[in-house]
Protein chains: 2
Amino acid sequence: MSNLKTTPDDILACARALVTSGGYNSFSYADIAEVVGIRKASIHHHFPSKVDLVRTLVARYREDAAVGLAALEQNVQNPLEVLRAYADHWAMCIEDASRPFCVCALLASELPTLPPEVALEVKAFFRFISSWLTSIMERGSKEGSLNLESDPRIEAEAFMASVHGAMLSARAYGTPDVFATILAPTMARLSPANAH
Amino acid sequence: MSNLKTTPDDILACARALVTSGGYNSFSYADIAEVVGIRKASIHHHFPSKVDLVRTLVARYREDAAVGLAALEQNVQNPLEVLRAYADHWAMCIEDASRPFCVCALLASELPTLPPEVALEVKAFFRFISSWLTSIMERGSKEGSLNLESDPRIEAEAFMASVHGAMLSARAYGTPDVFATILAPTMARLSPANAH
DNA sequence: CACTTTCTACCTTCCAGTAGGAAGGAAATC
DNA sequence: GATTTCCTTCCTACTGGAAGGTAGAAAGTG
């Protein structure tokens, strides 16, 4: 097994943790250097500027998400269960506190002050998740495995907003389980058992 | 009419605009000084430290919200209409781009890296809005003017999460109207006309 | 006069980023 | 097999600027 983490990977992982905890402006190259065990200048060798670093980070975050969501759709057929797995994924991340927040949800709040290159990547992530959720909603609607009350596209946006808002609340209250509590009514409503 | 804004008020207003656009770490005293037309050191006279400034800002933000929400409840009796007015308030703020984001929703995303004093105020704001929304939900549930599918407390949390998430999406897409679009299904579901 | 407000000037610390050299490995050349 | 060359990585040392904050004097106000 190839456990060999390269230095750029270590830097990106560390940067992701720092971004998720406080956003773009809350960390410095010095912070990363201390955690990774390397000098500041060495980070500049791998990522010439902070913009390069975070742009790469967000782009890779989106790629990883694409792979993960594709795998999820392979393993789980029922659209309702796919959405549940998606929500559960975040619930577990929040409880683990290892990846307690969606990188892009956090960066989106800072969008007006973000460097343009990073802002573009963040916006692309939103469009990606939105279109993926829309496709799930459409499939569920056709199959009858999802109980939609609105257009699939709107349901997808509303679902994403609930997930992001629930992340915020979980962070504000400091109690991870409110995430699942907030999502529960949404999941219940989407279940065809509750169709009216 | 007393249009006379005091200097501390100007500073707070400017700080609020800067916080809503990029969070705690995205602005400096120098930024405020430039906008208000004052020197950096003069700001320190009114707010000795940045923590003092933002703590005061959030505390006053909550007081203003308390006054505004109390007035809203005076003017509008129907709980459903209260919620609609609450959502419309944010929709207008987002379209005006003057106050395009809830200060505390934004600061909540930075909570782990926020100075403790500020973090406390932000958490207090969440509890305040949550309990206010809960009281509205309870009243609407008793009166039959709101169609709740879950516990009023949970409905309140879910509603707040939707609002916050919709703010994020509106910012990410750069199209303010998606806020109203996302909230529409939630509002429709709460209407007693849609009871099942 | 006392008090508040604002100013200039300065401090320390941190920031992103740069210059240039040392260490190491991998070929390619002798 | 030893030496030279090249490239990657990481280092020390530094720069210019911006950060939050301070000291103390000047200007305004009751």
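Q: How many nonpolar, polar and charged residues does the surface near DNA strand C have?
A: The model is a predicted one. In it, the surface near DNA strand C has seven polar, six nonpolar and three charged residues.

Q: Which residues are the closest to DNA strand C?
A: Among the 16 residues that surround DNA strand C, the closest are A:His44 and A:Lys50, together with B:Arg39, B:Ser42 and B:His46. Of the atoms of DNA strand C that come within 4 Å of the protein, 58% belong to sugar and phosphate.

Q: Which helix gives the most to that surface?
A: H3(B) does, with four residues. Helices H2 (29–36) and H3 (40–46) of chain A, like H3 (40–46) of chain B, each supply at least two residues.

Q: What lies 2.5 Å from a phosphate oxygen of DNA strand C?
A: A polar side-chain atom of B:His46 does.

Q: Turning to helices H4 and H7 of chain A, at what angle do their axes cross?
A: The axes of H4 (residues 50–75) and H7 (residues 116–143) come within 8 Å and cross at roughly 10°. Angles under 35 degrees count as roughly parallel, so H4(A) and H7(A) are roughly parallel to each other.

Q: Which residues meet there?
A: Those in H4(A) include A:Val58, A:Tyr61 and A:Leu69, and those in H7(A) include A:Phe125, A:Phe128 and A:Trp132. The residues of this contact divide into 17 nonpolar, six charged and no polar.

Methods. Residues numbered from 1 in each chain as written. Chains lettered and ligands numbered in written order. Predicted model: local features only at pLDDT ≥ 70, side-chain atom pairs only at ≥ 80, totals over all residues. Heavy atoms only, no water. Axes fitted to C-alpha atoms, helices over the stretch in contact; angles between N-to-C directions. Parallel < 35°, antiparallel > 145°, perpendicular 65-115°, else oblique. Contact = heavy atoms within 4.5 Å. Nonpolar A, V, L, I, M, F, W, Y, C, P; charged D, E, K, R; others polar. Near = heavy atom within 4 Å. Polar contact = N/O pair within 3.5 Å; in protein donor to acceptor, adjacent residues only side chain to side chain.
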